[in-house]
Amino acid sequence: MLALGIETSCDETGVALYDTDDGLLAHALHSQVAMHAEYGGVVPELASRDHIRRTLPLLRQVLTQSGRALDEIDAIGYTQGPGLAGALLVGASIGAALGYALKVPVIGLHHLEGHLLSPLLEPNPPAFPFVALLVSGGHTQLMEVRGVGQYHLLGETLDDAAGEAFDKTAKLLGLGYPGGPALSRLAQEGRPGKFKLPRPMLHSGDLNFSFSGLKTAVLTLARNQPGDPQTLADIACAFQEAIVEVLVSKAIDAIKRSGFERLVVAGGVGANRLLREKLTAKAVKRGAEVFYPKLEFCTDNGAMIAFAAAQRLKQGAAAVDGFTVRPRWDLDELEPAA
Ligand code: KG4
Ligand code: ZN
């Protein structure tokens with residue numbers, strides 16, 4: 001079965017073709033980062049308009065790359081939510097129109113399910129069950145995953161998401177948007193231990209997080225320090241150390257509590273090098289294995305949606321009627337399709 005995946009939930013247009021026999025055949029991505037950078041964040045209306053411009057050219061690109069024809073597509077999956085309503089509607093309407101024209105089923109996917117399953121695209125995929133640490137721009141959650149559609153929330157952030165904390169802190173330090181990657185690059189120039197920032201909720205005894213105080217702590221620290229490049233790098237380093245320590249500690253705790261031996265890390269912050277190093281080291285000590293998607297599939301992409309669509313269709317997922325989006329949608333509301 002050949003599944004087409006369309007991702008338009010935020011500021012990346014992603015399109016991919018996944019074949020249940022041959023695996024991922026092609027994927028293409030257009031990032032709107034440069035367009036939104038001017039405004040310091042995502043402008044929803046501009047995002048929607050750009051998805052309209054980009055989706056079909058990206059579709060042509062993946063067809064050419066894979067050597068497949070449009071009429072070979074057996075099913076279509078689009079990101080139904082969560083995300084920006086207008087942006088989601090672009091993927092939903094293009095998916096619905098294509099489905100109607102090609103007479104193939106169209107299904108709506110949960111964006112975070114896409115992230116969560118993305119490590120399964122790798123050559124040595126994790127077996128179920130596993131614990132998933134979802135760390136994106138909009139979400140920070142620990143999930144117990146027993147199979148496709150079997151997600152149980154263990155803990156989540158009470159305020160800012162990890163990626164959001166990276167982005168807001170980067171903005172405070174004058175690094176522009178989206179700041180996560182830039183902040184982690186700057187942190188590499190910093191001297192570890194030069195400044196110590198709080199580790200919010202490290203000893204809360206549960207698996208929840210809170211990152212908004214960390215951003216305020218950075219603001220207070222930065223105000224009282226000279227703004228020279230080395231000091232800024234030291235602050236970036238202290239921020240990254242604090243956030244990574246909390247994420248690692250809670251993820252390891254989640255492994256302990258669940259008794260599972262596998263941890264999956266997904267979402268944009270999963271690209272963070274320090275997080276990967278520390279998490280892998282700590283997990284290995286416990287005899288657990290950590291699985292990551294490849295770097296390009298940590299952030300939003302079409303491949304994870306095409307893959308999730310194929311898994312859902314294998315389960316017997318029902319086609320959507322018309323086109324619908326769910327801008328707000330909790331992952332643990334999902335159930336197996338059949
Ligand atoms: O998963 P994603 O592409 O979008 C959402 O679904 O939200 O995640 C984007 C987030 C942004 O906040 C970005 O700053 C962050 O992931 N990010 C990083 C890194 N690369 C991306 N944060 C820290 N270190 C990185 N290397
Ligand atoms: Zn995402």
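**Notebook: zinc site and a helix pair**

I began with the metal: the zinc ion (ligand 2) is held by His111 (NE2), His115 (NE2) and Asp300 (OD), at 2.0 to 2.1 Å. A note to myself before going on: this is a predicted model.

Next I looked up the geometry. The angles among the four donor atoms of the zinc ion (ligand 2) run from 93 to 137 degrees, and the site is irregular.

Then I checked the spacing of the donor residues in sequence, which reads H-x3-H-x184-D. Histidine 115 sits in helix H4 (residues 111–117), while aspartate 300 is in the loop between strand S10 (289–291) and helix H10 (303–315), so this pair ties together parts 185 residues apart in sequence.

Are these two residues buried or exposed? I found histidine 115 buried, at a relative accessible area of 1%. Aspartate 300 is buried as well, at 12%.

On to the helices. I looked at helix H8 (residues 229–258) against helix H9 (residues 273–285): they pack at an angle of about 35 degrees, and their axes are 10 Å apart. I noted the crossing of H8 and H9 as right-handed.

Which residues make the contact? From H8 I listed Gln240, Glu241, Val244, Leu247, Val248, Ala251 and Ile252. H9 brings Leu274, Leu275, Lys278, Leu279, Lys282 and Ala283. Sorted by class, I get nine nonpolar, one polar and three charged residues in the contact of H8 with H9.

Notes:
Residues are numbered from 1 along each chain as its sequence is written. Chains are lettered from A and ligands numbered from 1 in the order in which they are written. This is a predicted model: local features need pLDDT of at least 70, side-chain atom pairs count only at pLDDT 80 or more; totals for chains, interfaces and linings use all residues. Side-chain values use heavy atoms; hydrogens and water are left out. Donors are N, O and S atoms within 2.8 Å of the metal (3.2 Å for Na, K and Ca); water is not among the atoms, so sites may look incomplete. Four donors count as tetrahedral if all angles lie between 85 and 135 degrees; four count as square planar and six as octahedral if opposite donors are over 155 degrees apart and all others between 65 and 115; anything else is irregular. Helices (H or I, at least four residues) and strands (E, at least two) are DSSP runs, numbered from the N terminus. Buried means under 20% relative accessible area, exposed over 50%, partly exposed in between (1.4 Å probe, protein chains only). Axes are lines fitted to C-alpha atoms, for helices over the stretch in contact, and angles run from 0 to 180 degrees between N-to-C directions. A crossing is left-handed if the near helix is turned anticlockwise from the far one by less than a right angle, and right-handed if clockwise. Contact means heavy atoms within 4.5 Å. Ala, Val, Leu, Ile, Met, Phe, Trp, Tyr, Cys and Pro count as nonpolar, Asp, Glu, Lys and Arg as charged, and the others, Gly among them, as polar.
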